[in-house]
Amino acid sequence: MDPSHEPENPSPDVPSAASGDRREFLKSAACLALGGACVLAPLAAGVTVLLGPLSSAPPDGSWVNLTKIEALPIGAAPRLFQVFVERTDAWTRHPRSAVGAVFLERLDETSVRAFQSACPHLGCAVEWRKEKKIFFCPCHNSAFTHDGEISGPSPAARGLDTLAVEIRDEGEVWVKFQTFKAGVKERLPIA
Amino acid sequence: MKALFDWLDARTGYRGLARLALHEHVPGGARWRYVWGSTLTFAIAVQFITGIVLWMNYSAGAQSAWESVYYTQEVLPGGWVLRGIHHFMAQLMVPLLVLHFMQVMVDGAYRAPREVNYWFGLGLLGLTLAISLTGYLLPWDQRGYWSTKVVTNLISGVPFIGDKLQRLVVGDANYGHQTLTRFFAMHAGVLPALLVLLIVGHVALFRKHGLTAKLPKEKPDAMFWPDQLLQDFVACGTVIGTVLTLVWYFHGAELGAPANPAEPYSAARPDWYFMALFQFLKFFEGERLIWGSLVIPGLVFLLLMAMPLLGRWGPGHRFNLFVIFVGLGGFVALTTMAFQKDAADEHYQAAVAQAKRDGERAKHLALTRRGIPTEGALALLADDPLTQGPRLFASQCASCHTYAGRDGLGAPLTEPPTAPDLAGFGSREWLRGFMDPQLIETPRYFGGTAFVHPKAGGRKSKMVRLITEKVPSYTAEEKAQLEKILVAVSAEAALPAQKESDASDAALIDEGRKLFTADALECADCHQFRNDASGDGPDLTGYGSRAWLADFLKNPGHDRFYGKRNDRMPAFGKIGRLSPHDLDLLIRWMRGESPN
């Protein structure tokens, strides 16, 4: 159509119905496509960064020296040790960052047992209740025996998480500090 | 002036807009039951105003979040009121939401043609709770940290994508900077933006369908302006009045001890309106957890969503009301149950008190040190004798010793003590009790030790025998000598609490020292005291001083101290049970050397 013949105020129903419909449809489609393409770039960039944490390396725990074996008398109640590791929290490197706590108990001359203090139910810190000789979670009342097994009806799906222990030279007690997925039966390391 | 407004109206049409906004038809006249929507709008406005100023003073980082909130609260003038209003308004919004919801349900305003608006309302309810939840973590104190951990662990229970979802929400495998930046962006950006969008839709749809009048109409119809608005503002005034009263009464919102992943917090609880859900979770064992955390709450939400559709059929409305009231009853019952359990739980009470003390202490240290080191407020507490001393005592000493009859942290011991009570160790009073024939054999001093209860065939220690056999028959002069010696020995400790009396009694102390070395009361037979003599008893030179205690704790079985006669006191230094840093904190706390 020659633009010079166009009326001042073109009314949409001037062209024949069929070609007009097609033109309208193409215009709408182009509009949506172009509009979509415009927001696609920032959206894609945003989503990529948002999903960034998913691509971080799988966790492997870290070995920490908590004490000496002589400091744990045989027959004494489990004792809580704070765990500090070298850790990089996003952009900050901490030479000594508090990450959790571990219960240590001397079993015999040469062996030490370590329990992660995070409750396998939902991650609150369990306490040693000396009067009943159980581990107890003050959040949802999960209870565990002295050996870390589930005690009675308990919200936790599994017993306390045992951590690997090594006694290294001169009786140093080294523990592999790990965190496990909460609320499930299997022991799945997550950090 | 009129000309100016006329011009403005011609350019903007503001008068028409104002008329549109205010000339809402209120069938049956203004009523108090219609105020709840307005109070919620008001509450949200208050949260925006206070929230934006809080934002201007907030720093979302693991070593700066607590610190910046502390600064807002304790240093900035009026900061505690600002944060208090934000906190308590959030608390009050939940009952306001419930009232608004109940009014809509009871009056049947959720039914056709207002279904979509009802769903908008449910969306707003969800958003409000999500904003509260994300805001709970931001102060980065122990309570927010440990309670939010429970929530993000619940997220990992979502089928199939739970682990990934949790990772996205937390931003890393562990809580840290990324968790705070995300929660803050949600709390102050994404969720409030959605909230505003939904409110616009909610109000627009409300105006489109008009008010659902409570029948029968009691009064002639009225206009929103000014009749209903007057009542609305009275209600808003009551709301802000209540909030200010709460702020004043509690002196602002609580700021607990800074978050510490290595310091278990036994009082992790969500805000009060989530306590019902918290209590609910206790009933699900093992992997049935998902029923309590997702399935049942999800079904309840779906049922709420379906209510306008259910309401179309005959008894539907009554059914809905029945469900709502039963649900509300359940909510109240579970909440009450949770609070009652906590009120009766002494472990919980002790944990709350401890957290409060730590929080106050952290704030106090930050104030008196004129700021917080770059490592954050945790470093302040980690190097503070008053914070760490009682903990170290409870974990290292309280299996045998007491401190003022307790374990150092204030809890009673489960078994009778087997070693002396160490509160005031080295002070004149402590030593007077020690030398008291009536007291030495009680559990406060040597009552639980081998010095009083020797192994079969053995004898009580020389010291115990001296105190129980000779001291009672001391003459008045000997008693006076003993007192002088006690004062002299106590002066060795140079306790801060005795600084003044030690200074004013210098002559007395000098006399006591001379009496000691001159062996007036047989002390020097066994004890070394400011000389090179040697004996079987512990060296009393510098007794109770920082250096003496450090050496003693490192190895009480050393010849200078108890030697072979050491009872069960462990050699803390030898076996590495206490690091030099911890040893120093413990000693300074025991000596009352805690800096302000």
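**Figure 1. Helix H1 of chain B and the glycine that follows.** Our tour of this predicted model starts with helix H1 of chain B, which spans residues 2–12. This helix is hardly covered: of its 11 residues, the number that count as buried is zero. Just after H1(B) comes B:Gly13, whose phi is positive, at about 70°.

**Figure 2. Confidence along chain B.** The average pLDDT of chain B is 92, and 100% of the residues score at least 70. Which elements of chain B have the lowest and the highest mean pLDDT? Strand S2 of chain B, residues 222–223, has the lowest mean at 84, while helix H3 of chain B, residues 36–56, has the highest at 97. For the complex, the predictor gives an ipTM of 0.88 and a pTM of 0.90.

**Figure 3. The two domains of chain B and the contact between them.** The domain assignment divides chain B into domain 1, residues 28–268, and domain 2, residues 269–344. Their C-alpha centres lie 20 Å apart. Where the domains of chain B touch, 19 residues of domain 1 are in contact with 18 residues of domain 2. On the domain 1 side, at least two residues each come from helix H5 (79–106), helix H6 (115–137) and helix H7 (142–155) of chain B. H6(B) gives the largest share of this side, with six residues. By class, the domain 1 side of this contact in chain B holds 13 nonpolar, four polar and two charged residues.

**Figure 4. A close look at B:Tyr136.** Here we zoom in on one residue of helix H6 of chain B, B:Tyr136. Is B:Tyr136 buried or exposed? B:Tyr136 counts as buried because it has 21 C-beta neighbours inside 10 Å, and the cut-off for a buried residue is 20 or more. Leaving out residues up to four places away in sequence, B:Tyr136 touches B:Gly144, B:Ser147, B:Thr148 and B:Asp271. B:His187 is 51 residues away from B:Tyr136 along the chain, yet their C-alpha atoms are separated by 9.5 Å.

**Figure 5. Where chain A meets chain B.** How many residues does each chain bring to the contact? Chain A brings 42 residues and chain B brings 41. On the chain A side, the elements that give two or more residues are strand S1 (62–68), strand S2 (79–89) and strand S3 (92–106) of chain A. The residues of this chain A side divide into 23 nonpolar, 10 polar and nine charged.

**Figure 6. The two domains of chain A.** Chain A also has two assigned domains: domain 1 covers residues 12–52 and domain 2 covers residues 62–177. The C-alpha centres of these two domains of chain A lie 58 Å apart.

**Figure 7. An open sheet of chain A in the order S1-S10-S9.** This open sheet has three strands of chain A, ordered S1-S10-S9, and the pairing is antiparallel. Why is one side of S1(A) and of strand S9 (165–168) of chain A left without a neighbour in the sheet? Both stand at the edges with a single partner strand each, so one side of each has no neighbour there. From one strand to the next, the twist of this sheet averages 30°. Six bridges link S1(A) with strand S10 of chain A, residues 172–177, in the antiparallel sense. Across this pairing, A:Asn65 has A:Trp174 in S10(A) as its bridge partner.

**Figure 8. The hairpin of S9 and S10 in chain A.** S9(A) and S10(A) run antiparallel and are joined by four bridges. A:Val165 finds its bridge partner in S10(A), namely A:Val175. Three residues lie between the strands of this hairpin, where A:Glu170 takes a positive phi near 60°.

**Figure 9. An open sheet of chain A in the order S5-S6-S7.** The tour ends at an open sheet of three strands in chain A, with antiparallel pairing and the order S5-S6-S7. Strand S5 (127–129) and strand S7 (143–144) of chain A are the edge strands, and each pairs on one side only. Strand S6 of chain A, residues 134–136, pairs with S7(A) over two bridges in the antiparallel sense. Which residue of S7(A) is the bridge partner of A:Phe136? That partner is A:Ala143.

Methods: Residues numbered from 1 in each chain as written. Chains lettered and ligands numbered in written order. Predicted model: local features only at pLDDT ≥ 70, side-chain atom pairs only at ≥ 80, totals over all residues. Pairing = 2+ DSSP bridges. Domains from an automatic or database assignment. Contact = placed C-beta atoms within 7 Å. Nonpolar A, V, L, I, M, F, W, Y, C, P; charged D, E, K, R; others polar. Buried ≥ 20, exposed ≤ 12 C-beta atoms within 10 Å, placed from the backbone. pLDDT = per-residue confidence, 0-100. Axes fitted to C-alpha atoms, helices over the stretch in contact; angles between N-to-C directions.
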